[in-house]
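Please look through the predicted model shown here before reading on.

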Amino acid sequence: VEGNDVCADCSAPKPEWASLNLGCLLCIECSGVHRMLGSHISRVRSLALDEWTPELIGVMVSIGNKSIWEAKKIKSRPAAHNATREEREKFIRAKYVDKEFLADLPADRESLPEQLMDCV
């Protein structure tokens, strides 16, 4: 998948970790920050040491590193070779906890009750 050859957060080459529920590949340094966020935010697994079912692989392929989480342009990202842990944490929290780079919802979106009624 395009973009999965680098860490989704700092662009370090050859990531060896993944966030199962976020569908992105991570370097060892960024995976540590993801683990610190808690499994309710990011479920981190090793690409080499953990078992990968076809379903998990399907999730990773369908989401990809940048398809959802970086819909908006990012002005600055931590550099793989010299980012501090604090810089990584600030960026990763903004991206996955605060969801700053997700696409905006359409302004003309129906309310949830209206959407549910349309489905019935």
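Setting aside neighbours within four places in sequence, Arg88 is in contact with Cys10, Cys27, Glu29, Cys30, Val33, Pro78, Ala79, Ala80 and Ala83. Arg88 belongs to helix H3, which covers residues 85–97. Although Arg88 is buried, it has no salt bridge, and the nearest side chain of opposite charge, that of Glu29, is 4.7 Å away.

A search of the whole structure finds 3 salt bridges. In one of them Lys95 pairs with Asp9, with the closest N and O atoms 3.1 Å apart. This pair links distant parts of the chain, since Lys95 lies in helix H3 and Asp9 in the segment before S1, 86 residues apart. Lys95 is buried, and Asp9 is buried as well.

Lys95 also meets the side chain of Glu70 in a salt bridge, at 2.6 Å from N to O. Glu70 is placed in the loop between H2 and H3 while Lys95 is in helix H3, so this pair ties together parts that are 25 residues apart in sequence. Both members of this pair, Glu70 and Lys95, are buried.

Why are Arg93 and Glu89 separated by about one helical turn? They are 4 residues apart in helix H3, which accounts for that separation. Arg93 has a relative accessible area of 33% and is therefore partly exposed, and Glu89, with a relative accessible area of 23%, is partly exposed too.

Turning to the surface, Val1, Ile57 and Val61 form a nonpolar patch with about 270 Å² of accessible area together. Ile57 is found in helix H2, which spans residues 54–63, and because its relative accessibility is 42%, Ile57 counts as partly exposed. Asp5, by contrast, sits in the segment before strand S1 (17–19), and its relative accessible area of 53% means that Asp5 is exposed. Leaving out residues up to four places away in sequence, Asp5 touches Ala12, Pro13, Lys14 and Pro15. Asp5 and Glu16 are 11 residues apart in sequence, and their C-alpha atoms are 9.7 Å apart in space.

These local views can now be set within the whole chain. The protein chain has 4 helices and 3 strands, which follow the pattern β-β-α-β-α-α-α when read along the sequence. Taken along the principal axes, its C-alpha atoms fill a box of roughly 50 × 35 × 25 Å, and 38% of its 120 residues count as buried. Among contacts between residues at least 6 apart in sequence, 58% join residues at least 24 apart. The chain exposes about 7700 Å², of which carbon and sulfur atoms supply 56%. The mean positions of its 16 positive and 19 negative charges are 5 Å apart.

Terms used:
Residues are numbered from 1 along each chain as its sequence is written. This is a predicted model: local features need pLDDT of at least 70, side-chain atom pairs count only at pLDDT 80 or more; totals for chains, interfaces and linings use all residues. Side-chain values use heavy atoms; hydrogens and water are left out. Helices (H or I, at least four residues) and strands (E, at least two) are DSSP runs, numbered from the N terminus. Buried means under 20% relative accessible area, exposed over 50%, partly exposed in between (1.4 Å probe, protein chains only). Contact means heavy atoms within 4.5 Å. Accessible areas come from the Shrake-Rupley method with a 1.4 Å probe; for residues, only the protein chains shown count as cover. Lys and Arg count as positive and Asp and Glu as negative; His and the chain ends are not counted. The place of a charge is taken as NZ of Lys, CZ of Arg, CG of Asp or CD of Glu. A salt bridge is a side-chain nitrogen of Lys or Arg within 4 Å of a carboxyl oxygen of Asp or Glu. Patches are made of residues with over 30% relative accessible area and no salt bridge: like charges are joined within 9 Å, nonpolar side chains (Val, Leu, Ile, Met, Phe, Trp, Tyr) within 5 Å.
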